[in-house]
Amino acid sequence: MSGRFARLYQEVDASVNQESVYLYRKLAADRINIVFLSLDFLRNPRQITCMVAPGAAPAAAGQDHDQGAAGLVSLFPHRFDPAAMAVVFAALGQRQIPWYAMASSGSMLTVVTDYAGQQQAAEALAEYIQLPPGHGPLRVQQDYDDIARRLKSAPETVAQYVEARIRTYGIAVKTGLKLCRIDFHSHEQVLLGRALEGLAADKAGFAYISANRAAEGQGHLAVALDPGQTLADAPDITAHLAPALCSSRLEIRENVEMLCFHGPHFGDRYGIADKALGCLINAGIPVWLAGCVGATVSIIVPPGMAGPGVEALSTTFDRP
Amino acid sequence: MSEKFIMVVDDDPDLVEAVSMKLESKQFRVAKAYDGEEAMEKLKGEKPDLVILDVMMPRKNGWVVCDEIKNNDATKNIVVVMLTAVGDAVQSTSYTHHDGKTTLADDYVPKPIDMDKLMEIVDDHLGA
């Protein structure tokens, strides 16, 4: 569980869109770090959820951004197993615990909840999973000692990393993904969780997950599945989801591609998302989905766009 | 094939995963822990040949974990490689003072990690 953050949510009408209005751009201009970002440009209006330090929020957010005191609950390691998201939907759906967004990194599935609801969310998730011996206590706020807390928030993460070219541990590309976007209502979460359990039983592997809950109980889940990791004779995803959802609310896009990279202290540095997304947009590469979770940036792009995407990112990000 | 067993301890799950994947690709067996207390709990079980240990972690920091490993007869032979950005980032803190005076770690790798350098250090210590 995290400490207290401010949740900023923005919808942008793509028909009148100007890139400069995007929330992550404003935050970068104000040198405000985004500890979590989930971006969905698959449909109109485009949706962006960012989590920032509470003190930073009023300066960064205009009147068009919803704000709320929120926290992050992370489940790890997910090992790209849909069972992780099945647990989230089942646990939070069963207890009717509000959540606003989720996204995955290379190891974490992170959920945005109300700040006051973190404990309840973590306890609900813990009922569905086996925690390791000696695991961290389920409590809000990381219990760093005084020196570590100071270093985590100051010199290590700010002064140390003003880089003309941003170092990464490498840019990974995944191709041939099946992107499933599912619209759901909040009362369908438990059913959706069961459908996702079916995917897990078929040994399906995901490359990226994001979800957002909008007003009035509506939400959507996007899952980029890696078909190569699914049992050969497994039923199609539609078979799993049919009992839970009307098929008209399931949209599938084939051969989607993904760019993924991880860098030192990316979660503590402002401007990473803006630079990454800016590289792609400036190169004319459409961004469908993006997430910044922990120290990982994940970006879903249309078929054939990952290669040019790597080239575009390489103008700003170093690859070892 | 190497049968060496390595524990990776860091409060950044993505880093733990990245390092673990690299180690597993080199045929090491890997255990993971996400803070100092969890690492100490896991060390009560199978003893790793080497621990890759972050410094700044919640609940119990890396220096304390290192001292506990090296001052315990059951674990003192485990190779400890510290991951630290402290020395570069901060010139005068009790972390850096501790670093210079009392640590019993076998080796250091500065953050951000050069993954190839880390693998070299692991290979050097384990003779892989």
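Start by selecting helix 3 of chain B, residues 62-70. Helices here are DSSP runs of H or I with at least four residues, strands are runs of E with at least two, and both are numbered from the N terminus. Colour B:Gly62, B:Trp63, B:Val65, B:Cys66, B:Ile69 and B:Lys70: these are buried, meaning under 20% relative accessible area with a 1.4 Å probe and protein chains only (exposed is over 50%, partly exposed in between). Now look down the axis of helix 3 of chain B: the buried residues fall within an arc of 160°, so they line one face of the helix. That arc is taken from the directions from the helix axis to the C-beta atoms.

Before going on, a word on the model. It is predicted, with local features needing pLDDT of at least 70 and side-chain atom pairs counting only at pLDDT 80 or more, while totals for chains, interfaces and linings use all residues. Residues are numbered from 1 along each chain as its sequence is written, chains are lettered from A and ligands numbered from 1 in the order in which they are written, and side-chain values use heavy atoms, leaving out hydrogens and water.

Next, select B:Asn61, at the start of helix 3 of chain B: one of its side-chain oxygens comes to within 2.9 Å of the backbone nitrogen of B:Trp63.

Show B:Gly36, B:Met40 and B:Leu43 from helix 2 of chain B with B:Val65, B:Glu68 and B:Ile69 from helix 3 of chain B, and you have the contact (heavy atoms within 4.5 Å).

Zoom out to chain B as a whole: there are six helices and five strands, and 57% of its 128 residues count as buried.

Last stop, chain A. Pick A:Tyr9, which sits in strand 1 of chain A, residues 5-12. Is A:Tyr9 buried or exposed? At 11% relative accessibility, A:Tyr9 counts as buried. Its side chain has a polar contact of 2.7 Å with the side chain of A:Glu11 and another, of 2.8 Å, with that of A:Gln47. A polar contact is a pair of N or O atoms within 3.5 Å; within protein, one must be able to donate a hydrogen and the other to accept it, and residues adjacent in sequence count only if both atoms are side-chain atoms.
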